[in-house]
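Hi everyone, thanks for making time this morning. I'd like to walk you through one structure, so please have a look at the screen.

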Amino acid sequence: MKKFLIILFLMAIGTSAFARKSYVNVAAASLTSSVQKIYITGDIPSGISDYYPSTKVGYILNLLSQEGYVVEFMSATNVGSEASMVNYLLSKNISSNDDSAISIVHSDDGEAYEVARYNLQGMQVNENTKGIQIIVYSNYTTKTVIVE
């Protein structure tokens, strides 16, 4: 599950440079019907913690909605008869003076270079590893390739 969260976080970083949005990921683990543990990652607003040991997920989603966040994606997984994991990806538009376009794009004086490669499990790999790879470049763009 941590690897899935890493991939979601990398996707949020890769798209936030262009989408002008702030992203938050909320992961709620239900161990029994009465016990939930909630982990929050991303651009967490002030006043909201990154971990809640026994809070209901609805409470956290309400707090984030008051900050202007909306749910873009949700996934759920059952681990056993009573245990489950639910992930929410929330976004919020970032206000700026000019909403018509990206105002400045910074670049290193040259082409973007490869920073890292990851497989779909979130593990860093080299360019010869077979499978699907996500390449992260120095200008915060990503590219997905299949290595056979």
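Let's start with I132: how does this residue count, with its relative accessibility of 37%? Buried means under 20% and exposed means over 50%, with partly exposed in between, so I132 at 37% counts as partly exposed. Do keep in mind that this is a predicted model.

Now, where does I132 sit in the fold? It is found in strand β7, which covers residues 131-137. That strand belongs to an open sheet of 3 strands, ordered β6-β7-β8, with antiparallel pairing. At the edges stand β6, residues 114-119, and β8, residues 142-147; each has a single partner strand, so one side of each is left without a neighbour in the sheet. On average, neighbouring strands here are turned by 25° against each other, ignoring direction.

If you follow β7 and β8 along, you'll find them paired in the antiparallel sense over 6 bridges. For a landmark, look for V136, which stands opposite T142 in β8.

Let me finish with the largest nonpolar core, which has 15 residues. Which of them touch the most other members? Those are V26, I38, I40 and L64. The elements giving two or more residues to this core are β1 (21-30), β2 (36-42), α2 (57-66) and β5 (84-93). Of these, α2 provides the largest share, with 4 residues.

Thanks, all, and I'm happy to go back to any of these views.

How values were computed:
Residues are numbered from 1 along each chain as its sequence is written. This is a predicted model: local features need pLDDT of at least 70, side-chain atom pairs count only at pLDDT 80 or more; totals for chains, interfaces and linings use all residues. Side-chain values use heavy atoms; hydrogens and water are left out. Two strands pair if DSSP finds at least two bridges between them. Axes are lines fitted to C-alpha atoms, for helices over the stretch in contact, and angles run from 0 to 180 degrees between N-to-C directions. Buried means under 20% relative accessible area, exposed over 50%, partly exposed in between (1.4 Å probe, protein chains only). A nonpolar core is a set of buried Ala, Val, Leu, Ile, Met, Phe, Trp, Tyr and Cys residues joined through side-chain atoms within 4.5 Å.
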